[in-house]
Amino acid sequence: MYLARSVRKLIRENLLQKRIDWTQAEDIAMDIVLPHSSIKNQGRTTHCWAYSMCSMIESELLASDTVCHLNPLYFAAHKRYPNRRGGLAQTFLDTYKRITEENGTTEEWIKPLPAGKMPNAENYMVLTSFAHSPYYRNTVLNVPDNYERFPSYNIPLDKMTEAVKHSLRNGHTCVWEGDIHGAGYSHKRGVALTFMPSFRHNAFMRSLAYFFKFLKDDHMMHIVGMGHNAKGQCFFLIKNSIGETGLHKGYIYMSEDYFRTNTLSLTVRTDICRSLFRI
């Protein structure tokens, strides 16, 4: 196992990454940056799902001029199977709904207590895009963190890309889940770029990558903005949860091509989804 990881690392760093044009992520101008809380550090935990989803709820509150901080570790300790590693956006939404219904808003998980109404779990949908499942139907992603067998709503890839852009333009952030072990992902450089510009951007290749486990549920992060480079290529501003590290102090510039290639699921407000396609 250690030898296989070492070989993959050598290939990635000494062969594949040398073929990537890193300059395309330079001089990116942000068109939209939505209010969001400060960078957090999940440490060695597997709770990126809780950190990213808490960050999205905090952004929703900031949009109404309410400054509150949620405790991701509280949600990790109170999910249905706390002994299992990892989780999905649905894991958080399920836990969040149960906690708010049973215990209400308490300082155990949010400080200071908000004066207004908290967002509901039903306000959010989890989208995915794979050609091997019927579109505009629920599908269950066969990935390790989905041990609870939560469904995701399957839509065409263009629609999923449109959903994140439409959400940002309408003042709402999103949560991204996908693969960060591709050659073009570099936290040190603070960028996520594709290795081969025409590879795996289409629905068929995404399904192949999913079946052969090249597209994994590696990590979840918070999409807080959108911009473009000098060539007009779209980039998303991603808030990570591993501290103020890397070139952009905890943020990642993710190209639209990388998003199309490596996204497993996307959490978006339900009303945004309804405005784009029938549900």
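**Questions about a predicted fold**

Student: Where does aspartate 65 lie?
Tutor: This is a predicted model, in which local features need pLDDT of at least 70 and side-chain atom pairs count only at pLDDT 80 or more, while totals for chains, interfaces and linings use all residues. Residues are numbered from 1 along each chain as its sequence is written, and side-chain values use heavy atoms, with hydrogens and water left out. Helices (H or I, at least four residues) and strands (E, at least two) are DSSP runs numbered from the N terminus. In those terms, aspartate 65 lies in the loop between helix H2 (48-62) and strand S2 (69-70).

Student: Is aspartate 65 buried or exposed?
Tutor: Let's set the scale: buried means under 20% relative accessible area, exposed over 50%, and partly exposed in between (1.4 Å probe, protein chains only). Aspartate 65 has a positive phi of about 60 degrees although it is not a glycine. Its relative accessibility is 73%, so aspartate 65 counts as exposed.

Student: Which loop holds arginine 149?
Tutor: Arginine 149 also has a phi near 60 degrees, a positive value in a residue other than glycine. With a relative accessible area of 46%, arginine 149 is partly exposed. Its place is the loop between strand S5 (137-140) and strand S6 (151-154).

Student: What is the peptide bond from lysine 111 to proline 112, cis or trans?
Tutor: Proline 112 is found in the loop between strand S3 (110-111) and strand S4 (124-128). Omega for the bond from lysine 111 to proline 112 is near -15 degrees, and the bond is cis.

Student: How many helices and strands are there, and what is the radius of gyration?
Tutor: The protein has eight helices and 13 strands.

Student: Which residues does arginine 169 touch?
Tutor: Arginine 169 has its place in helix H5, and its relative accessible area of 57% makes it exposed. A contact means heavy atoms within 4.5 Å. Leaving out residues up to four places away in sequence, arginine 169 touches Ile32 and Met226.

Student: What separates leucine 247 and histidine 187 in space, C-alpha to C-alpha?
Tutor: Leucine 247 is in the loop between strand S11 (234-239) and strand S12 (251-255), and at 57% relative accessibility it counts as exposed. Not counting residues up to four places away in sequence, leucine 247 touches His187, Lys188, Arg189 and Gly190. Leucine 247 and histidine 187 are 60 residues apart in sequence, yet their C-alpha separation is 7.7 Å.
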